[in-house]
Amino acid sequence: MSDTLLSIRNLRIEATSYPPGEAPRDVVLVDDVSVDLQKGRVLGLIGESGAGKSTIGLSSMAFGRGGVRLTGGSILLNGRDIRLADARALRGLRGREVTYVAQSAAAAFNPALPLMEQVIEAALHHGMMSRAEAEARAVGLFRTLGLPNPESFGARYPHQVSGGQLQRAMTAMALCPKPDLVVFDEPTTALDVTTQIDVLAAIKDAIRDTGVAALYITHDLAVVAQVADDILVLRHGKRVEYGTTGQIITAPREAYTQALVSVRSIDHQEKPAAPAVLSVQNVTARYRGTSFDVLKNVTLDLPAGQTLAVVGESGSGKSTLARAITGLLPPTQGRITFAGRELSRDQRSRSRDDLREVQMIYQMADTAMNPRQTVGTIIGRPLEFYFGLKGEAKRARIQDLLDQIEMGKGYIDRYPAELSGGQKQRVCIARALAAKPRLIICDEVTSALDPLVADGILKLLLNLQAREGVAYLFITHDLATVKAIADRIAVMYRGEVVRYGSKTDVLTPPFDDYTDLLLSSVPEMELGWLEAVLKHRKMASAGN
């Protein structure tokens, strides 16, 4: 077709794997994938981690990250096969014909340079416009993307803007040189659900206003449904299904696509009121060296064997509340009681039983485990510390815990690098369970996982709760997760609890403006949802 911008045919991409203790071996990352993208259209690439989404996206720039090799097929951009292009030709098209928006804008910007210098760099480098023209275009893009004070915004440094604003600044950087194609690589995954809406809307407006074509990479089908014209579903480096957004959302043909569409279908019935195992009363806290309170007079109860979801945007005080409960951040006011006894404010003053009965699972399993220790060593540490288990008794208990998290045999001697993201998080759950706690604080434990993997973790947590009677304080900004797992909900906004009660009460109107904002910002898998939400919004996100 004459208006075809990008045509990928029979693409094959390989890399070399170096398994611990084994000989290197070649692996196929992308196998025989073909797809077309027309000018001015948006193609969504969707699938779980390892599906090949980012690898295919980067191949549109004839780039392979970290030793990845483009070994077969063709990549036609504007009618020429860029897979066969030399280094000079590739330098000419990257940043000019094709640009890239990374998942983590904070890691992609140079902290030592103001934003304007970085936004206009590619346009100046390729000689596409003068500095004055580039700066004028940048200011226009800042305005299109809804950034504050567009005329002076470029004078700020990366650390002086919010995460959502920085992600939009990166979109401006990609659009400034007037490319034919922009690759958006999970641009909203790291953002709060409320901020995500602003960024999605800004990206959609910018694509419409500039007429650029785009590849939009994500693992969230509800998100891509708001911006894409067509969707390519990938799994294990292979094409599963390809069609219009409407067809994929409403009439998926393949079983894997159907599973993506129906994810988060857990129907958890809330439990009736019961005596509290944890009671937080009028807790106020601030970080050392600061003059303002991060938590302000927080009061809530968590019944034994139930789940209290604490929801809100970044900076609302959710994780700070967890730090206060665990004694890592001693409150300046208030008291925390657990199982009928008042806990010492400082963790160092707490008894071993206090420490054992309140455990924590962190958001990033990668950084929560020592990469040089085996799964058995990681899970075994609390068994030895709290119960003095050693030798065969300890190994048998480790295997029992692995069975509980549905990992079974064959994992006890593996290292974290040999596990998937979901398996790593399961090991962290087993480590917490090893202490036989009465309360586990789950801090955004599913936010870094693919929807299908996250769904499995939530089901596992519910099964463990039913079997072990453990209570969860579940910190999240994802309302879909809350609906799937919570018995009670506390909504936090700027350090205060603004809505609190049973799941039914909190999710039943009338709502305060902030709770309404949170609930309405959960992406729905339907066409036109984004525009409808923005039209009826009552307030802007705090991160905006």
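1. A residue counts as buried when its relative accessible area is under 20%. C442, at 0% relative accessibility, is therefore buried. The model under review is a predicted one, and the points below should be read with that in mind.

2. On cysteines, a search of the whole structure turns up 0 disulfides. C442 accordingly has no disulfide partner: the nearest cysteine sulfur belongs to C428 and is 11 Å away, whereas a disulfide requires the two sulfur atoms to be within 2.5 Å. C176 is another buried cysteine, with a relative accessible area of 0%.

3. The protein contains 23 helices and 20 strands. Along the principal axes, the C-alpha atoms occupy a box of roughly 70 × 55 × 45 Å.

4. Of the 544 residues, 54% are buried. Among contacts with a separation of 6 or more, 68% are between residues 24 or more positions apart.

5. The accessible surface of the protein is about 23,300 Å², and carbon and sulfur atoms contribute 48% of that area. As for charge, there are 63 positive and 61 negative charges, and their mean positions lie 4 Å apart.

6. K424 deserves a separate entry. This lysine sits in helix α18, which spans residues 421-434. Is K424 buried or exposed? Its relative accessibility is 14%, and the limit for a buried residue is under 20%, so K424 counts as buried. Leaving aside residues up to four places away in sequence, K424 touches A365, D366, M369, P416 and L419.

7. R352 belongs to helix α14, residues 352-357. With a relative accessible area of 47%, R352 is partly exposed; exposed would require over 50%. Which residues does R352 touch, not counting those up to four places away in sequence? They are F385 and Y386. In the case of Y386, the two residues are 34 apart in sequence, and their C-alpha atoms are separated by 7.7 Å.

Methods: Residues are numbered from 1 along each chain as its sequence is written. This is a predicted model: local features need pLDDT of at least 70, side-chain atom pairs count only at pLDDT 80 or more; totals for chains, interfaces and linings use all residues. Side-chain values use heavy atoms; hydrogens and water are left out. Helices (H or I, at least four residues) and strands (E, at least two) are DSSP runs, numbered from the N terminus. Buried means under 20% relative accessible area, exposed over 50%, partly exposed in between (1.4 Å probe, protein chains only). Contact means heavy atoms within 4.5 Å. Accessible areas come from the Shrake-Rupley method with a 1.4 Å probe; for residues, only the protein chains shown count as cover. Lys and Arg count as positive and Asp and Glu as negative; His and the chain ends are not counted. The place of a charge is taken as NZ of Lys, CZ of Arg, CG of Asp or CD of Glu.
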